[in-house]
Amino acid sequence: MKTVKISIIGFGAVGQGVARSLLDKRDYLNKQGIDIRVVGISDSKGSEINAAGIDLESALLRKKQKGTVATGAESALEVIRSVEHDIVVEVTPTNIDNGKPGFGNMRAAFEAGRHVVTSNKGPLALRFAELKEAAEDNGLFFRYEATVGGAVPIFNLVHEALAGNTVIGIEGILNGTTNYILTRMTEERMPYELVLREAQELGIAETDPTYDVEGIDSACKLVIIANSIFGQDATYHDVDVTGITKITPEALELANRNNYVVKLVCEAGNKLTVAPRLVPKRHPLAVGGTLNVASILTDLAGRITISGKGAGSIETASSVLSDILYIARNS
Ligand SMILES: NC(=O)c1ccc[n+]([C@@H]2O[C@H](COP(=O)([O-])OP(=O)(O)OC[C@H]3O[C@@H](n4cnc5c(N)ncnc54)[C@H](OP(=O)(O)O)[C@@H]3O)[C@@H](O)[C@H]2O)c1
């Protein structure tokens, strides 16, 4: 049995989803000869540390009942630096102004000789090259499948399954909130403000929806694609961005009558753009609801399109778990 020790830094929707998935998949993983032991969990109030392996069921219950997982005052950085383990799972909130606290956590992990798996797009949209270099200089893995497209395995597909192909261009819908709003506006002929309020009531849109509706969240994800797949050194400031706030039901109705839908499309290749685009109704990019989609044009395989859930606790944990297993198998 190969034992892999991990920490979970951030214990919100994604961190708890990872813990739940590890509990549910314990037998499955053991059958594959892998024992994933969580030795540290941090949230904003402190940490739980146990070198022998944390009881994840009690950690989840404590978080639910007390609002914190902490049994001690140790900070995330103290866990990353001082607790002996192999992989830091960094799942703290995205901050696209300065990348904190994720950037510092990831850099500390590499300095301490630990691999990083993350769903936190902020640090990658701001300082991807630095993080990649820190990982490579230390001979460590840096995996970030969950940062773009939630459960949709874009990076694994391109870097592993499509290895040997040159990627010519990628188009996608990478924000479920805006896709939901545009889908509902089209189907129900409702104005933007009303659909936004509905999305907020359903928990699909944040109280402050700016990052989503202005296209900033999509731009951050596009930058990670540009840097990881096209080897660029972009930040989200390099993306030409137009959001969806000015789209009217009349424009959507006109598109509809001509067999088109309007989608917030991200494009990477020669240039980086996020903008509302007319998409034919039968086109693979024309996915509805909160779905995400990526359509990848390659020289050998031609066009490959994948779509799926772009968010959700367990769905996002799926990508995190796959990155953890990649490292477990290859380190
Ligand atoms: N939710 C999704 O579906 C989804 C999908 C793809 C990517 N992501 C990304 O994944 C990351 C996590 O998302 P989430 O939905 O799990 O967020 P969340 O529910 O807000 O959870 C964030 C967690 O980080 C903790 N935290 C905040 N500051 C911290 C610090 N300085 N040190 C240690 N822990 C700290 C919070 O502590 P408290 O619990 O004490 O507040 C909380 O447990 C974000 O970067 C997000 O953009 C999320």
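Residues are numbered from 1 along each chain as its sequence is written. Because the model is predicted, local features need pLDDT of at least 70 and side-chain atom pairs count only at pLDDT 80 or more, while totals for chains, interfaces and linings use all residues.

The protein chain is divided into domain 1 (2-151 + 313-330) and domain 2 (161-309); the domain bounds come from an automatic or database domain assignment. The centres of the two domains, taken over C-alpha atoms, are separated by 28 Å. Across the boundary, 14 residues of domain 1 are in contact with 15 residues of domain 2, where contact requires that the C-beta atoms of two residues, placed from the backbone, lie within 7 Å. On the side of domain 1 that touches domain 2, α6 supplies the largest share, six residues. The residues of that side divide into nine nonpolar, three polar and two charged. In this classification Ala, Val, Leu, Ile, Met, Phe, Trp, Tyr, Cys and Pro count as nonpolar, Asp, Glu, Lys and Arg as charged, and the others, Gly among them, as polar.

Helices (H or I, at least four residues) and strands (E, at least two) are DSSP runs, numbered from the N terminus. An open sheet of six strands shows mixed pairing and the order β3-β2-β1-β4-β5-β6; two strands pair if DSSP finds at least two bridges between them. Strands β4 and β5 (residues 115-118) run parallel and are joined by four bridges. Val88 has Val116 in β5 as its bridge partner.

Between β4 (87-90) and α5 (102-111) lies a loop that contains Pro101. The peptide bond joining Lys100 and Pro101 is cis, with omega about -5°. The axes of α5 and helix α6 (residues 121-137) come within 10 Å and cross at roughly 10°; axes are lines fitted to C-alpha atoms, for helices over the stretch in contact, and angles run from 0 to 180 degrees between N-to-C directions. The two helices α5 and α6 are therefore roughly parallel to each other, given that angles under 35 degrees count as roughly parallel, over 145 as roughly antiparallel, 65 to 115 as roughly perpendicular and the rest as oblique. From α5, Gly102, Phe103, Met106, Arg107 and Phe110 meet Gly122, Pro123, Arg127, Leu131, Ala134 and Ala135 of α6. By class, this contact has seven nonpolar, two polar and two charged residues.

Most residues other than glycine have a negative phi. Arg189, in the loop between α8 (176-188) and α9 (192-201), has a positive phi near 55°. Arg189 is exposed, with 12 other C-beta atoms within 10 Å. Asn259, in the loop between α12 (249-257) and β9, has a positive phi near 70° and is exposed, with 10 other C-beta atoms within 10 Å. A residue is buried if 20 or more other C-beta atoms lie within 10 Å of its own, exposed if 12 or fewer, and partly exposed in between, with C-beta atoms placed from the backbone.

Val261 belongs to strand β9 (residues 260-268) and is buried, with 21 other C-beta atoms within 10 Å. Not counting residues up to four places away in sequence, Val261 touches Thr186, Ala255, Val279, Lys281 and Ala286. Arg143 is 118 residues from Val261 in sequence and 34 Å away in space, C-alpha to C-alpha.
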